[in-house]
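Colleague: I have the model open and would like to go through it with you. Could you start with whatever term I need before we get to the turns between strands?

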Amino acid sequence: MPAESASRGDLLEQHASSMEGTSSGEEEAEDSSNETRLLPETAVAADDSAPYIGQRFLTHDAAYEFYGGFAKRCGFSIRRHRTEGKDGVGKGLTRRYFVCHRAGNAPAKPFSDGATPQRNRKSSRCGCRAYLRIGRDAGAGGPEWRVTGFSNRHNHELLRQDQVRFLPAYRVISDSDRDRILLFAKSGISVQQMMRIMELEKRVEPGSLPFTEKDVSNLIHSFRRSNQEEENVDLLKMCRIFKEKDPNFKYDFTRDAHNRLVNMAWSYASSIQSYKVFGDAVVFDTSHRLTALDMPLGIWIGMNNHGMPCFFGCTLLREENLQSFTWALQVFLNFMNRKAPQTILTDQNIYLKEAVEKELPTTKHALSIWLIAARLHNMENTMDFDHGWNDMVDCYGLHGNRHIVSLFASRNIWALPYLRGHFSAGLTASPGVSKSISDFIQRLLSAQRRLSHFIEQVAVVVDYKDQAGEQQTVQQNLKNINLKTAAPMESHAAAIFTPYAFSKLQDELVAAAHYASFHLEGDVFLVRHHAKTDGGCIVTWHQMGELISCSCQMFESSGILCRHILRVLTTLNYFQIPDHYLPVRWHKTLPPPSKSLICAPKYSGASERVKTLQSIVSALVSEAAKSDERMDLATHEVSVLLSRIRQQPVSVNVSGDSAHSSLAAVAKDFISSENVNISK
């Protein structure tokens, strides 16, 4: 048996060297020689799964399928190379070659004048000479194909079985899988979810499907291309219908030369109103896609005075390039009456970075990277951060890592020590904020499951979030606030701030008791933890105008006074926090909304009706605060009442007396009903 194997190996080498550049006559001679030196039985004995000289197939497709199965087991794929015969095609076909997928060399690309962009993709071909040659043999049993040449010698490494399935030849989407994928796409399911569902249905391990996420995305993209125009028209139709229902709804779009939708953006009246108060810090998340249209989806989000995400707007972009991002930012500013945020947090995208620099020159641009180098993220100053980063690079040997080098070069837009002093409403402070925003975005993305009503569904999600926030606000306001210190400043802040903002300030007040202040000179103080003998923060107090600042810049970043300032204020015998250090954006009671976004004008004679309603609500709060059961009941029923009121039509011609009397009557009737008997 060893001698037979060696003989076969020598023969394969002869075939490898004679594959190219031989005449038909020479190959016929080789075939005759091969048949005498290597019998089919010998080849089968050596390896019954490998092709052998003389092996017969009914069709050349059967030979290709057999060789393809052998190639997959070995770790490569094959392709059809060339045919030979009297006329080269049809009945004249007499010989066919199948070769390794890395056979030959890539043809040189023609010179480009720059007018037509070319893909600079490296070819996988390396001149491999592994092949299978079959010839047509008309025998007594009918036409057959016989193996006349075979070589399995490769000039490259073969892939492992867990790698070979990623070759394009083996990434196949069957017709049934294709239909199912397109059905999933229409329902708005993400590609990742599609893959997981099909893995569960087929009972295979994750990552074991015969196709990849990229293949699925390409299939959806090619399918959407043919139906794109109809769906784009539907989106614009949705916007027009929504605009008819709500005149304060805003949207904009662009089309290309073929009248196809390129970009689109929209915002709701409630979102524009929220931006007026909470638009000082904005997250522009462009990391998601609208799967059904295969378009990047950008979402503008902020944080309200209760620490909850608030929606500002959405945009759909055909391409993620400078032109698209510039258009999106321009439209967003137009929606918001040209009011730019103080800080905008985005994904890491070079085009988006350039667009922000161009359209928002006075806005601080930061990256929303909450989890990068968590240990370094919270260092107090830039010098400590740089030293800590260098220590981390030395410790893990990351000097040559291009990603690490790029991150450090852009540290001024993501590292907290470099962002201090720029207001962000706490959006850059912790992973908890990131999770809250991510959960909200996932609710928005769920709206694409009904693409035919996508604009309305997003509005429903936003409205639901607003109602949930109002319900949580009512519940927070009904709860008794626990004071942790005896400081008058604490009770003063509790009466003004929302529970969310007050909890942040309260944490600083509690911590301030553990800090010592040292009067250095003039209006300068040094504040540090009582257990430390060095370091600390510098607090500067100007008696004229009651201005105070700290080197940690926490107030400038979050609108909440830091422990260092609170410690100095205590030393200076302050019993209340100066009004200008209690930002309006964190107040329980916010300024009245702009008249431009109120459907009805200010009615004459309405003040008495408003006072009546306020009196009823005040009584409701007083009664509900007497027990947890009353509080829960009041919170639930008031939320239901608010929903009912919102469903009532709004008329701009109704008189003030009738409008407010109707509202008061609804409230009285609702509160006095048997279902909302708070007094029992």
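Modeller: Strands here are DSSP runs of E of at least two residues, numbered from the N terminus, and two of them pair if DSSP finds at least two bridges between them. Please keep in mind that this is a predicted model. With those terms, in the hairpin of β9 and β10, which has 5 residues between the strands, G307 takes a positive phi near 75 degrees.

Colleague: OK, and how many bridges hold β9 and β10 together, and in which sense do they pair?

Modeller: β9 and β10 are joined by 7 bridges and pair in the antiparallel sense. Among the residue pairs, M303 has P309 of β10 as its bridge partner, and G302 is bridged to C310, also in β10.

Colleague: What about the strand β7, how does that relate to β10?

Modeller: Strand β7, residues 261-267, runs antiparallel to β10, and 4 bridges join the two. One of the positions to look at is A265, which stands opposite T315 in β10. As for cover, β10 is mostly buried, with 9 of its 9 residues in that class.

Colleague: What does the N305 side chain reach?

Modeller: The side chain of N305 reaches the backbone oxygen of H587, at 2.8 Å. Leaving aside residues up to four places away in sequence, N305 touches F278, T498, Y500, A501, R585, W586, H587, K588 and L590.

Colleague: Switching topic to helix α11: which of its residues are buried?

Modeller: In α11, residues 350-359, the buried residues are L352, A355, V356 and E359. Seen down the axis of α11, these buried residues fall within an arc of 100 degrees, so they line one face of the helix. I350 and K358, on the other side of α11, are exposed.

Colleague: And what do the buried residues of α11 pack against?

Modeller: They pack against β8 (281-290), α10 (322-335), β11 (343-346) and β12. At the N-terminal end, α11 is capped by N349, with a side-chain oxygen 2.8 Å from the backbone nitrogen of Y351.

Colleague: One more loop. Where is H101, and what does H101 touch?

Modeller: H101 is found in the loop between β3 (93-100) and β4 (131-139). Not counting residues up to four places away in sequence, H101 touches F76, S77, I78, R79, R125 and L167. The relative accessible area of H101 is 18%, so H101 is buried.

Colleague: Finally, the protein as a whole: how many helices and strands, and what share of the residues count as buried?

Modeller: The secondary structure comes to 24 helices and 16 strands, and 42% of the 680 residues count as buried. Among contacts between residues at least 6 apart in sequence, 62% join residues at least 24 apart. The protein exposes about 36,300 Å², of which carbon and sulfur atoms supply 53%.

Terms used
Residues are numbered from 1 along each chain as its sequence is written. This is a predicted model: local features need pLDDT of at least 70, side-chain atom pairs count only at pLDDT 80 or more; totals for chains, interfaces and linings use all residues. Side-chain values use heavy atoms; hydrogens and water are left out. A polar contact is a pair of N or O atoms within 3.5 Å; within protein, one must be able to donate a hydrogen and the other to accept it, and residues adjacent in sequence count only if both atoms are side-chain atoms. Contact means heavy atoms within 4.5 Å. Buried means under 20% relative accessible area, exposed over 50%, partly exposed in between (1.4 Å probe, protein chains only). The arc is that of the directions from the helix axis to the C-beta atoms. Accessible areas come from the Shrake-Rupley method with a 1.4 Å probe; for residues, only the protein chains shown count as cover.
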